Amino acid sequence: VIRAATVTPTATTPTNTSVTYQLATTSGLSFETFTASTLRSFTTTGTALYLKATLATTDATVTPALNTVAVSYTLNAVPATPTNSAPTGSAQNVSLTPALTASAFSDSDSDTHNASQWQVTTTSGNYNSPTYNSGTDTTNLVSLTLPQATLSNCTTYYWRVRYRDNL
């Protein structure tokens, strides 16, 4: 996800001509006017960057030209992978409705914790068909008590949680 970009265009703008610039990302394609060569943070982030240059003239004998465009951008860092705090991987005789607890949210670009996904499986490392899948959970961010009738006696389970930031 693109968080911010700096676009440095070079243009030829004779008298009575101008060039204005707008940027957008794939999320919404809402173009925002910007000043060339300044860092532009986006209100809506996305995975692609679009530039719109509007060339204008009030003199029919001269035309502005966009010569080159240099782009640098900053991507969103994903949150740090959480660790399972409790129950641990070697826990035995755990309740059938355990409280799963994970490490605190951490994100290198200071985003906020938006959601978590909790999954429980009977096959270590395989979460393709989990016994329990919370989906996108915006309430139980660092802990979750599994609902009744999710787990069975005499069965080994594995669990993970994945964090999502606000971008």
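**View 1. A nonpolar patch on the surface.** Seven side chains make up this patch: Leu-51, Leu-55, Leu-66, Val-69, Val-71, Tyr-73 and Leu-75 share about 590 Å² of accessible area. Two elements, β5 (49–57) and β6 (65–75), each give two or more residues to the nonpolar patch. β6 supplies the largest share, 5 residues. Leu-75 belongs to strand β6. Patch residues have over 30% relative accessible area and no salt bridge; like charges are joined within 9 Å, nonpolar side chains (Val, Leu, Ile, Met, Phe, Trp, Tyr) within 5 Å. A salt bridge is a side-chain nitrogen of Lys or Arg within 4 Å of a carboxyl oxygen of Asp or Glu. Areas follow the Shrake-Rupley method with a 1.4 Å probe, and for residues only the protein chains shown count as cover. Strands (E, at least two residues) and helices (H or I, at least four) are DSSP runs, numbered from the N terminus.

The model is predicted: local features need pLDDT of at least 70, side-chain atom pairs count only at pLDDT 80 or more, and totals for chains, interfaces and linings use all residues. Residues are numbered from 1 along each chain as its sequence is written, and side-chain values use heavy atoms, with hydrogens and water left out.

**View 2. Aromatic pairs.** The whole structure holds 3 aromatic pairs. Phe-105 and Tyr-163 form a tilted pair, because their ring centres lie 5.9 Å apart and their planes meet at 50°. This pair links distant parts of the chain, 58 residues apart: Phe-105 is in the loop between β8 (99–102) and β9 (113–121), Tyr-163 in strand β12 (residues 158–165). Tyr-163 is buried, at 10% relative accessible area. The rings of Trp-118 and Trp-159 also have centres 5.9 Å apart, but their planes are at 25°, so this pair is stacked. Trp-118 in strand β9 and Trp-159 in strand β12 tie together parts that are 41 residues apart in sequence. Both Trp-118 and Trp-159 are buried. Rings of Phe, Tyr and Trp (its six-membered ring) pair if their centres lie within 6.5 Å; planes under 30 degrees apart are stacked, over 60 edge-to-face, the rest tilted. Buried means under 20% relative accessible area, exposed over 50%, partly exposed in between (1.4 Å probe, protein chains only).

**View 3. The open sheet around β9.** Three strands line up in the order β10-β9-β12, with antiparallel pairing. β10 (132–133) and β12 are the edge strands; each has a single partner, so one side of each lacks a neighbour in the sheet. β9 and β12 are joined by 8 bridges. Across them, His-113 has Asp-165 of β12 as its bridge partner, and Trp-118 stands opposite Val-161. Strands pair if DSSP finds at least two bridges between them.

**View 4. The two faces of β12.** In a regular strand the side chains alternate between the two faces of the sheet. The covered face of β12 carries Trp-159, Val-161, Tyr-163 and Asp-165. Its uncovered face carries Tyr-158, Arg-160, Arg-162 and Arg-164.

**View 5. The partners of β2.** β2 pairs with β5 in the antiparallel sense over 9 bridges. Here Ala-24 stands opposite Tyr-50 in β5. β2 also runs antiparallel to strand β3 (residues 32–33), joined by 2 bridges. Gln-22 has Thr-33 as its bridge partner in β3.

**View 6. A lysine over a ring.** The charged end of Lys-52 sits over the ring of Phe-31, 4.3 Å from its centre. The criterion is NZ of Lys or CZ of Arg within 6 Å of the ring centre and within 35 degrees of the ring normal.

**View 7. Backbone exceptions in loops.** Most residues other than glycine have a negative phi, and most peptide bonds are trans. Asn-16, not a glycine, has a positive phi of about 70°. Asn-16 lies in the loop between β1 (2–12) and β2 (17–25) and is partly exposed, at 42% relative accessible area. Cys-154 has a positive phi of about 60°. Its place is the loop between β11 (143–145) and β12; at 86% relative accessibility, Cys-154 is exposed. Ala-86 and Pro-87 are joined by a cis peptide bond, with omega about -10°. Pro-87 lies in the loop between β7 (84–86) and β8.

**View 8. Asp-111 in its loop.** Asp-111 lies in the loop between β8 and β9. At 10% relative accessibility, Asp-111 is buried.
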